[in-house]
Every structure is written in structure tokens, then in C-alpha cells.
Amino acid sequence: MEIVVPVGVNAHTVRDFVQRFTPWIDRKVAAMQCFAAPSEPVPATVEFALTQEKFAVDWRREPKRGLEQTLDCIVVRAPDERGARALLQGWLKRAAYERLAPRLLQLADDLNYSVARVSIRCQRTRWGSCSTRGTVSLNCSLLFLTLEVVRYLFVHELAHTKHMNHSANFWRLVEQIEPDYRRLDRDLLAGWRTVPGWVFKT
């Protein structure tokens with residue numbers, strides 16, 4: 001990325017501009033990567049880096065749709081790939097809520113932060129968000145990231161309960177909670193590469 005700065009603009013102004021607009025730039029880059037990614041068929045396995053879980057996927061081409069999960073196997077019944085992926089995507093969102101929401105709420109409690117509600121979404125360009133009403137939305141694809149990166153995303157969104165922006169005060173708060181946030185933020189951005197194509201394919 002190249003930034004062209006007009007003559008006379010001081011370094012502090014440039015740093016402030018980059019800090020404020022980095023999330024927007026990151027989202028646009030991630031969006032291009034996602035749309036450029038090739039589609040994938042129904043997977044044979046699903047692995048969650050967050051919890052070190054691995055599930056075999058048994059897709060059965062049957063007219064009656066349904067999904068059942070045993071300890072380490074997901075049985076998907078659907079007549080075509082699109083239907084099978086849709087069932088897996090629904091399962092992924094439920095699995096994400098079960099694994100992400102308790103961790104986020106526990107961290108909020110540990111840090112004495114308030115979260116009104118946790119919701120799970122499946123977005124192509126945003127890992128999480130925080131509303132002015134205290135609702136934290138998390139991307140189901142966080143399941144494919146490591147625990148330390150997911151924790152950083154939690155810290156990022158919890159900091160938004162205090163600062164609804166990406167100001168210098170926001171980043172100072174993030175750094176107080178997670179001093180290594182710069183590296184983790186880079187790892188979070190790179191995390192889109194670990195998300196399987198079937199998660200977003202319709």
C-alpha cells in the first residue's frame with residue numbers, strides 16, 4: 001500500500017489518518033481476497049483451530065434435507081451441493097455461538113466490561129462489531145483462527161464499548177489489555193486465508 005502525502009502535512013497527522021482508516025483498508029483488501037477465492041465443494045472434514053476439534057463430514061445425497069452431529073461426525077442429507085453447504089453453514093453458526101459467546105462473556109466479566117448481547121454472523125469482510133447498545137457481533141469464521149487471535153478480536157470489540165471509533169484513545173485501551181495487539185491484528189487480517197471457501201459459497 002502506498003500513501004501520498006501533500007507537502008506540509010506533518011507526521012503526526014499522517015499517523016492519525018492511517019490509524020483511523022486502517023480498519024476500512026483492511027476490510028476492502030479482505031473483501032477482494034474473498035471474492036477472488038475459488039469456490040469449494042462440500043468438505044470432507046471441518047477443523048476448528050480455535051478448539052482443536054475435527055469433524056468428518058458424511059454427505060448423503062438424499063431428497064430429504066437434514067443434519068445430524070455425533071461426537072466427531074456430521075451427517076448431511078441434501079440432494080445437491082448448494083443444499084448441503086447451506087445446512088453446514090447453519091450448523092457452523094450454531095457451533096460458533098456455543099464456542100465463542102461463553103468465551104467473550106467470560107473475558108468481559110474478567111475485565112469488568114458490559115456486553116448486552118452476543119450475536120453470530122457469517123460475513124465476508126468483518127470479524128466482529130459492537131453496537132452502541134452493547135451488542136457484540138462475531139463472525140462464525142473465527143472458529144478457524146487460533147485462540148490468541150480470537151481473544152484479541154474479543155479485546156478489540158470490548159474496547160469499542162468504551163470508544164465507538166478507532167481513535168488514539170481506542171488503541172491505547174486495546175494496548176493496555178493486549179500489549180501485542182499489533183502482531184495479533186496482522187494475524188487477524190491474514191486469518192481470512194484460513195477460512196474454507198464453503199463457508200461463504202451460496
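How many of the residues of strand β7 (residues 135–139) are buried? The count is 5 of 5, so that the strand is mostly covered, where buried means under 20% relative accessible area, exposed over 50% and partly exposed in between, with a 1.4 Å probe and protein chains only.

## Basis of the model

The model is predicted, and local features need pLDDT of at least 70, side-chain atom pairs count only at pLDDT 80 or more, and totals for chains, interfaces and linings use all residues. Residues are numbered from 1 along each chain as its sequence is written, and side-chain values use heavy atoms, with hydrogens and water left out.

## The chain as a whole

The chain contains 5 helices and 7 strands, where helices (H or I, at least four residues) and strands (E, at least two) are DSSP runs numbered from the N terminus. Read from the N terminus, the order of elements is α-β-β-β-β-α-β-β-β-α-α-α.

Of the 202 residues, 42% count as buried. The chain exposes about 11600 Å², of which carbon and sulfur atoms supply 52%; accessible areas come from the Shrake-Rupley method with a 1.4 Å probe, and for residues only the protein chains shown count as cover. Among contacts (heavy atoms within 4.5 Å) between residues at least 6 apart in sequence, 51% join residues at least 24 apart.

Strand β6 (residues 128–130) pairs with β7 in the antiparallel sense over 3 bridges, and cysteine 130 stands opposite valine 136 in β7. β6 and β7 form a hairpin with 4 residues between them, and glycine 134 in the turn has a positive phi of about 90°.

## Packing around helix α5

Two packed helices are described by the angle between their axes and the distance between the axes. Axes are lines fitted to C-alpha atoms, for helices over the stretch in contact, and angles run from 0 to 180 degrees between N-to-C directions. Helix α4 (residues 168–177) packs with helix α5 (residues 181–190) at an angle of about 100°, their axes lying 10 Å apart. That makes α4 roughly perpendicular to α5, a class that covers 65 to 115 degrees, whereas angles under 35 count as roughly parallel, over 145 as roughly antiparallel and the rest as oblique. Trp171, Val174 and Glu175 of α4 and Tyr181, Arg182 and Asp185 of α5 make the contact, which divides into 3 nonpolar, no polar and 3 charged residues. Here Ala, Val, Leu, Ile, Met, Phe, Trp, Tyr, Cys and Pro count as nonpolar, Asp, Glu, Lys and Arg as charged, and the others, Gly among them, as polar.

Helix α3 (residues 147–159) and α5 pack at an angle of about 105° with axes 9 Å apart, and are therefore roughly perpendicular to each other. In this contact, Glu148, Val149, Tyr152 and Leu153 of α3 meet Tyr181, Arg183, Leu184, Asp185, Asp187 and Leu188 of α5, giving 6 nonpolar, no polar and 4 charged residues.

## The loop at proline 79

Proline 79 lies in the loop between β4 (73–77) and α2 (81–111), and counts as partly exposed because its relative accessibility is 35%. Not counting residues up to four places away in sequence, proline 79 touches Arg61, Glu62, Pro63 and Arg65. The C-alpha atoms of proline 79 and arginine 60 are separated by 7.8 Å, with the two residues 19 apart along the chain.

Notes:
Two strands pair if DSSP finds at least two bridges between them.
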